[in-house]
Amino acid sequence: MRIPIVAANWKMHKTIPEARAYLKRLIELAGQDPGVEVVVIPSFTALPAAAALLAPTPLGLGAQDARPESAGAYTGAVSVAQVADLGVRYVLCGHSERRKLFGEDDALVGRKVRATLHHGLAPILCVGETLDERKGGRAWAVVERQLGEALASVGDPDGLVIAYEPVWAIGTGVAAQPPAAQAMAARIRGWLRKRFGSRGEAIRIQYGGSVRPDNAREFLSLPDVDGALVGGASLDPDAFWAIVRAARG
Ligand code: PGA
C-alpha cells in the first residue's frame, strides 16, 4: 500500500547544462511508468530547467531546503512559497548537512515541515544519529527527539516522508547494516502510528546513507523501509536508475 519513493539528492553539484543532460538520460531510462515514485532534488539554480524537463513526465522534483517564512529580509535564502512556484513537490527538511553546517535546530526544522505542508507540498524530514550518539546507546533517543520536535504541531501529515539517515553513513561509503536500518525504521513506524493513528501507517520511511546500486536491494526489501534518499550514487543517472530498479523489486 505504500508506493516506494527513491530520491536523488544532488547536494551542491551540477551546472544547468549538466542537470539537463542528466535529466534527459533519466527520462529516457524511466519511460512512461517508472513503477515507483522517483524524485530529483537539484540545486536551486537548476530547478527551473529541471521543472520544465520533468513537467510532462511522471518524475517528481524536490528542493534541498527552503525557509518557512513566506517573504522577508533573509538574504541568500529561498522560501517554501518560492519553490512551490516552480512546480516543486518535495522539500528536504533538516538534512544532517543543514543541521551541522548551517546550524539548523529542531525548532527551525519543525517550522520548515509545517510551512511545507501548509503550501501543499511534501516534506522529506531527515532524522538520524551521529556515531557518538549510536555508540553511546542514544540513537533512538535522538531520532525520537528529532521526530517529536519537528512534528510537534503537525495535525495532518498527508504527504510527509521520513528519511532515516544515520549521520555516520552519509557520504562515507559505510552504510548501516540492513537489520539495524530495519530496527530503526520499525521504531519510527511505531512512533508515527502512535502519533498519527492509521494515517501514520501510510507515511513512507526512506533509508539514506551510502546507498549504492550494489546494496540498494538489501535496504529496499526491508519491511519498514519504503525507499531511499541517495546522495553520491545519484549523481550518475545510470547508477541512480539501478537503485530505482532495486525498489521496483
Ligand atoms: P550519500 O548521501 O548517499 O552520499 O551517503 C545521502 C544523503 O545525504 O542524503
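Below is a short chat about helix packing and the ligand site in a predicted model.

Visitor: What are the ground rules for the numbers here?
Guide: This is a predicted model: local features need pLDDT of at least 70, side-chain atom pairs count only at pLDDT 80 or more, and totals for chains, interfaces and linings use all residues. Residues are numbered from 1 along each chain as its sequence is written, and side-chain values use heavy atoms, with hydrogens and water left out.

Visitor: Ligand first. Which residues are the closest?
Guide: Lys11, His95, Glu165, Gly171 and Ser210. In total 13 residues surround the ligand, counted when a heavy atom lies within 4 Å of it.

Visitor: What does glutamate 165 do there, in distance terms?
Guide: An N or O atom in its side chain is 2.6 Å from a ligand oxygen.

Visitor: And how far is the backbone of glycine 171 from a ligand oxygen?
Guide: A backbone N or O atom of glycine 171 is 2.7 Å away from one. For serine 210, a polar backbone atom is 2.8 Å from a ligand oxygen.

Visitor: Switching to helices. At what angle do H1 and H2 pack?
Guide: About 20°, with the axes 9 Å apart. H1 is residues 16-30 and H2 is residues 47-54. They are therefore roughly parallel, the term for angles under 35 degrees.

Visitor: Which H1 residues meet H2?
Guide: Ile16, Arg20, Leu23, Lys24 and Ile27, where contact means heavy atoms within 4.5 Å. Their partners in H2 are Ala49, Ala50, Leu53 and Leu54. By class, that contact has 7 nonpolar, no polar and 2 charged residues.

Visitor: What about H1 and H11?
Guide: H11 (residues 237-248) packs with H1 at about 35°, axes 9 Å apart.

Conventions. Axes fitted to C-alpha atoms, helices over the stretch in contact; angles between N-to-C directions. Helix = DSSP H or I, 4+ residues; strand = E, 2+ residues; numbered from the N terminus. Parallel < 35°, antiparallel > 145°, perpendicular 65-115°, else oblique. Nonpolar A, V, L, I, M, F, W, Y, C, P; charged D, E, K, R; others polar. Polar contact = N/O pair within 3.5 Å; in protein donor to acceptor, adjacent residues only side chain to side chain.
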